[in-house]
Amino acid sequence: MSNTNECVVWTRPPHVMEKKGKTGQPIILRANYYEIKSTPDWALCMYHVTFTPDEDRTHMKKLLLRQHVSTLGNYIFDGNQLYVAHKLSHDPLELASKRPDDQTPYTVKIRFIKEVPPSDTQFLQIFSILLRRCYEHLGLTQVGRHYYNSKEEVQNHKYRVAIWPGHVSSIRQHEHSILMVTDAIHKFLRLDTVYEILRGIRNTKPDSFKYLAGKQLLGMIIMTRYNQRTYRIDDIAWNLTAVSKFSCQGQDITYMDYYQRTYQVAIKDPHQPLLMSKPKKRDLRRGQGNIYLIPELCVATGLSDEMRTDYNLMRDFAAWTRMAPDKRVTTLSKFNTRLFENAQVKAELQQWGLEFSQTLCQVRGRVLPSEVVTQGSHTFTYKNSDADWAREIKDVPMNVGLTLTNWLLVFPARLKQEADDFLSGVRRVSRSLGMVVVQPKIECLPHDSAQDYVRTVARYGGVQIIVCILPNNRLDRYAAIKKHASVVMAIPTQMVLARSLQNKPRLMSIIAKIAIQMNCKLGGEVWNVQIPFQNTMVVGYDAYHDSGRRGASWGAVVASFNKNLTRYYGQVSRHSNQEELTANFCASIQNALCHYAEVNGRLPERVLVYRDGVGEGQLQYVKDIEIAAIKACFEANNYSPRFSFLVVSKRINTRLFAQGVNTGTPINPPPGTVCDDVITLPERYDFYLVSQRVIQGTVTPTSYNIIEDLNSNLDADRHQRLAYKLTYLYYNWMGPVRVPAPCLYAHKLAYITGQAIHDVPHRNLSDKLWYL
């Protein structure tokens, strides 16, 4: 369950009157939204509630307040604020409660704040609170902000994982009416407790137990089964155990006794270390200190990185994570029926004058025309019925094919056959791709350790590219080679897994894609689409958390510097807070402008920034700080380009469904589908775009929010078409992708830096896609 924003952030530029495009074939879509058909026409009274002694558990606060329903009447309570349909008899009102489990006395103080009229946006928060209460009537379990049906838990003992089906919902004012978006989700919980994970590490690696425990557990999100609350592990308190004491309500008590008394849970191992979780900002403001948890009572949530790389596991779980459109619509409809036909829910909604539609919202969309792709002398149009255009460009020369005269091939002796197959394959495909590839320098290693590879490549400064054939995908070996080559030597590298070269039926297709990657890493170009603008620079930004340094992230900025928007100048920098991020972001744009001017002899007339990685709560900061800083950068250079800034969001709950031509069943909309009405937001200049084709599961559209459009001379239609064109220009996939190419390139650059090299790459690589 997702709360509506307390304060709506208005990002729609003031000059934008019309936000709907015109190009494309009309299409009728369904969206996973339900309309609120009727709303209350009276004001609510809002009160603040405090408890003495302090109580921080929301469910306990609700139990304490529920003892006074005869005094309060019909009410809504979220743990802090109380809403009733009438003024209470006294202000402040004091009530006496007793905790149900041990009869501890509490004083409940209720103080009037204000009246909330139906026109107030705060009413939407009340709807969300009421919806949460309806979910509780169904017996759903709240974990974090969402609700799950723990009674329908499915346990997979093979992978030691439990799956909870659930729903995510939020209510807000959309273009013409108040809508509730809802989607089916799943929560993955490990069957092993954190205690069992620790014990497994100790049994297998006792000499490095503490180091490995920290590496595996720090940053992990866990859930306490006794109250279904989630926490992040920030540290392991090795000096504290379950028999350590802490102060609770004025007296010292051991953690063992506390959990026995509060939750009736018996702890088996009194000597296990405690897990420490730092309080959130709002908890800090309430005076909450560090939270200490018992490993025995905690389970990890989600899937580990190791699990995600397990092909068999992910394939088995795809039945849950990749729900087909017809199955998703059926699941939503069943849940909707179950929710609104529940007697308690009906009574609750009737008391508050609310009524929800029980049919999915219908919206009108458009399907943009397919782009004309040009590769060499070959021109073709992408077919929506296909997943990619690999067949169309087979044996077609690339737009800019480079000559490889000085390159290095490194492989261990046991993979000599794979190396021979690769070399002969590259020579064969390079001719049809328009590349010239001569015999490389060859190094055959007796062993395959990271040190063996690094020592060998270090001797070959000055080569164009280093190709390494690796026996497996171990990160330490990959990272060591990448870091030395990209940071110290300033040489692009191409890693090739042995198993890829052992796939005989697809060998030539795989080698062709590797050759294309190598060409791009050296500055070559593969294909292009028609770009209607001259002197334009598109910028992509994304960030990735550093896997080796807690609290640090890497922000990557890539900026085009040619007419076709196919060559990019990439920079990456580390930051630990938003201020550093903004400073680095603006400095990178300044550098990108300088590079553009060096190449083209002039600054671009138009700059479009596509900013990925922005959460809902960061919009105001981006609008007030980041955009202002970029404008200041322009002004400092006495430079006034046409400037647009778009926030690109992938992690959204919106789903769009088309209708099968013959069957009438829900299917995924075709690539190029745009939706810019009904489910969009009145305070934004926004649209949804389905640019990619999804064969398995339900497609998720990408949200585009244009929050700056300074003298751009681009209407909604041109913004939508340009965004779609840019999804064609990512050279690692022969088809349109989910986000504009500069965003995906920025993600790749930030990811490889934060995951593998943990350092700033050599500046001589900036104008190449070395991270592809």
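What follows is a conversation about contacts, cores and strands in a predicted model.

Colleague: How many aromatic pairs does the structure hold?
Modeller: This is a predicted model. Ring pairs link Tyr226, Phe246, Tyr255, Tyr258, Tyr259, Tyr263 and Tyr292 into a cluster. The number of aromatic pairs in the structure is 31.

Colleague: Are the rings of tyrosine 47 and phenylalanine 112 stacked or edge-to-face?
Modeller: Their centres are 5.4 Å apart. Planes over 60 degrees apart count as edge-to-face. Here the planes stand at 70°, so the pair is edge-to-face.

Colleague: How many residues apart in sequence are the parts that tyrosine 47 and phenylalanine 112 tie together?
Modeller: Tyrosine 47 belongs to strand S3, residues 44–52. Phenylalanine 112 belongs to strand S7, residues 105–116. The pair therefore ties together parts whose separation in sequence is 65 residues.

Colleague: Is tyrosine 47 buried or exposed?
Modeller: Buried means under 20% relative accessible area. Phenylalanine 112 has 21%, and is partly exposed. Tyrosine 47 has 2% relative accessibility, so it counts as buried.

Colleague: Which residue has its charged end over the ring of phenylalanine 112?
Modeller: The charged end sits 4.5 Å from the ring centre. The residue is lysine 87.

Colleague: Where does phenylalanine 317 lie, the partner of tyrosine 159?
Modeller: The two rings have centres 5.8 Å apart and planes at 75°, so they are edge-to-face. Tyrosine 159 is in the loop between strand S10 and strand S11. The pair links distant parts of the chain, 158 residues apart, and phenylalanine 317 lies in helix H9. Both tyrosine 159 and phenylalanine 317 are buried.

Colleague: Which residue forms a salt bridge with arginine 160?
Modeller: Arginine 160 lies in the loop between S10 and S11, and its partner in strand S12, so the bridge ties together parts 32 residues apart in sequence. The closest N and O atoms are 3.1 Å apart. Arginine 160 is partly exposed, at 32% relative accessibility. The partner is aspartate 192.

Colleague: How many residues apart in sequence are the parts tied together by aspartate 421 and lysine 504?
Modeller: Their side chains meet in a salt bridge, 2.7 Å from N to O. Aspartate 421 lies in helix H12, and lysine 504 in the loop between helix H15 and helix H16. The bridge therefore ties together parts with a separation in sequence of 83 residues.

Colleague: Which residues are linked with Glu616 in a network of salt bridges?
Modeller: Arginine 684 and glutamate 616 form a salt bridge, with closest N and O atoms 2.7 Å apart. Arginine 684 is buried, at 10% relative accessibility. Glutamate 616 is partly exposed, at 33%. The residues linked with Glu616 are Arg172, Glu683 and Arg684.

Colleague: How many residues does the largest nonpolar core have?
Modeller: Those with the most contacts inside it are Trp389, Trp407, Phe422, Ile469, Trp527, Tyr610 and Tyr745. Apart from it lies another core, of 34 residues, among them Ile76, Leu130, Tyr147 and Leu339. The largest core has 88 residues.

Colleague: Is valine 496 buried or exposed?
Modeller: Valine 496 lies in strand S30, residues 493–497. Its contacts beyond four places in sequence include Phe422, Val467 and Ile514. Its relative accessible area is 2%, so valine 496 is buried.

Colleague: How far apart in space are valine 496 and leucine 409?
Modeller: Phenylalanine 422 is in contact with both Val496 and Leu409. In sequence, valine 496 and leucine 409 are 87 residues apart. In space, C-alpha to C-alpha, they are 10 Å apart.

Colleague: Which residue in S24 is the bridge partner of valine 373?
Modeller: Strand S23, residues 372–375, runs antiparallel to S24. The two strands are joined by 4 bridges. The bridge partner of valine 373 is phenylalanine 380.

Key
Residues numbered from 1 in each chain as written. Predicted model: local features only at pLDDT ≥ 70, side-chain atom pairs only at ≥ 80, totals over all residues. Heavy atoms only, no water. Phe/Tyr/Trp six-rings, centres within 6.5 Å; stacked < 30°, edge-to-face > 60°. Buried < 20%, exposed > 50% of the residue type's maximum accessible area, 1.4 Å probe, protein only. Lys NZ or Arg CZ within 6 Å of the ring centre and 35° of its normal. Core = buried A, V, L, I, M, F, W, Y, C linked by side-chain atoms within 4.5 Å. Contact = heavy atoms within 4.5 Å. Salt bridge = Lys/Arg side-chain N within 4 Å of Asp/Glu carboxyl O. Pairing = 2+ DSSP bridges.
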